[in-house]
Amino acid sequence: MVRLKHRYVLAEVKFADPKKFYHVNPHRVIDEITGIVTKVHGISGLAGVKIGLHVKYLNEYSKLVLIRVRSQYHQKLLSALPFIKTMPVKMPGVKARSAPEGVACFLNTICVTSTIKDAQKRIRTYGKRTMDRLLSECKTEEERTKVCKVFAEHSQPEEMEVDEEELEDEKEEEENGK
């Protein structure tokens, strides 16, 4: 039996207005990625990328997204990500049945990892750096406690969906590599 290798692309969604809060849906992220891959690499590129494409983690507060893709097609995904210019998001306070609006943004690729554990480590370090930056910008103690509270509630990468097969594959890979 052949083992499928995956790569995990950790990216930050940078919106035009960074102070606003947007509700980002993982399915909309996948739809946007598949549309851009089709434009850049055509249908054959889309066929390869879409097979293993999955959003494993999405944090609306830190705007981090972790995308899983098969390892032989991760270069095609990485070459298409800079072409994403808008992201369909739900605006806060807008009716739930209305269509999502396209908001100007781009995806800043932070890293590419081969294991989900390494991706979790990167998410934690990125969260710590972001929290330190935000705390340095706070002027009052009330703002600092609010920032700490939001990060404590929403920045933990443990909420990822992790398949048991993936963990077993990663353990085998670590054992074989040693």
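Rings of Phe, Tyr and Trp (its six-membered ring) pair if their centres lie within 6.5 Å; planes under 30 degrees apart count as stacked, over 60 as edge-to-face and the rest as tilted. The structure, a predicted model, holds one aromatic pair. The ring centres of Phe15 and Tyr22 are 4.5 Å apart and the planes stand at 45 degrees, so the pair is tilted. Both residues can also be described by burial. Buried means under 20% relative accessible area, exposed over 50%, and partly exposed in between (1.4 Å probe, protein chains only). Phe15 is buried, at 8% relative accessible area. Tyr22 is buried too, at 4%.

Because this is a predicted model, local features need pLDDT of at least 70 and side-chain atom pairs count only at pLDDT 80 or more, while totals for chains, interfaces and linings use all residues. Residues are numbered from 1 along each chain as its sequence is written, and side-chain values use heavy atoms, with hydrogens and water left out.

The protein has 178 residues, and 39% of them count as buried. Its secondary structure comes to five helices and six strands. Helices (H or I, at least four residues) and strands (E, at least two) are DSSP runs, numbered from the N terminus. From that end, the elements run β-β-α-β-β-α-β-β-α-α-α.

The six strands form an open sheet with antiparallel pairing, in the order S2-S5-S6-S1-S4-S3. Strand S2 (23-24) and strand S3 (54-59) stand at the edges with a single partner strand each, so one side of each is left without a neighbour in the sheet. Two strands pair if DSSP finds at least two bridges between them. In general, strands of a sheet pair through backbone hydrogen bonds, either parallel or antiparallel.

Strand S1 (residues 6-15) is joined to strand S4 (residues 64-70) by seven bridges, and the two run antiparallel. Within this pairing, Val9 stands opposite Ile67. Arg7 has Val69 as its bridge partner in S4. S1 also pairs with strand S6 (residues 101-113), in the antiparallel sense and over eight bridges. Here the bridge partner of Ala11 is Thr109. Eight of the ten residues of S1 are buried, so S1 is largely enclosed by the rest of the structure.

Arg70 lies in S4. This residue counts as buried, at 19% relative accessibility. Arg70 and Lys50 are 20 residues apart along the chain, and their C-alpha atoms are separated by 8.9 Å.

Helix H3 has 22 residues and reaches 32 Å from its first C-alpha to its last. This is close to the expected 32 Å, where the expected span is 1.5 Å times one less than the number of residues. Several H3 residues are buried, among them Ile116, Ile123, Tyr126 and Leu135.

The largest pocket has a volume of about 940 Å³. A pocket is an open set of points, on a 1 Å grid over the protein atoms alone, where a 1.4 Å probe fits, with protein on both sides within 12 Å along at least five of seven lines; lining residues have an atom within 4 Å of a point. The volume is the space filled by probe spheres set on the points. The lining has 26 residues, of which Pro18, Tyr61, Lys63, Arg133 and Leu134 lie nearest the centre. S1, H3 (116-137) and helix H4 (141-154) each supply at least two lining residues. By class, the lining has eleven nonpolar, five polar and ten charged residues. Ala, Val, Leu, Ile, Met, Phe, Trp, Tyr, Cys and Pro count as nonpolar, Asp, Glu, Lys and Arg as charged, and the others, Gly among them, as polar.
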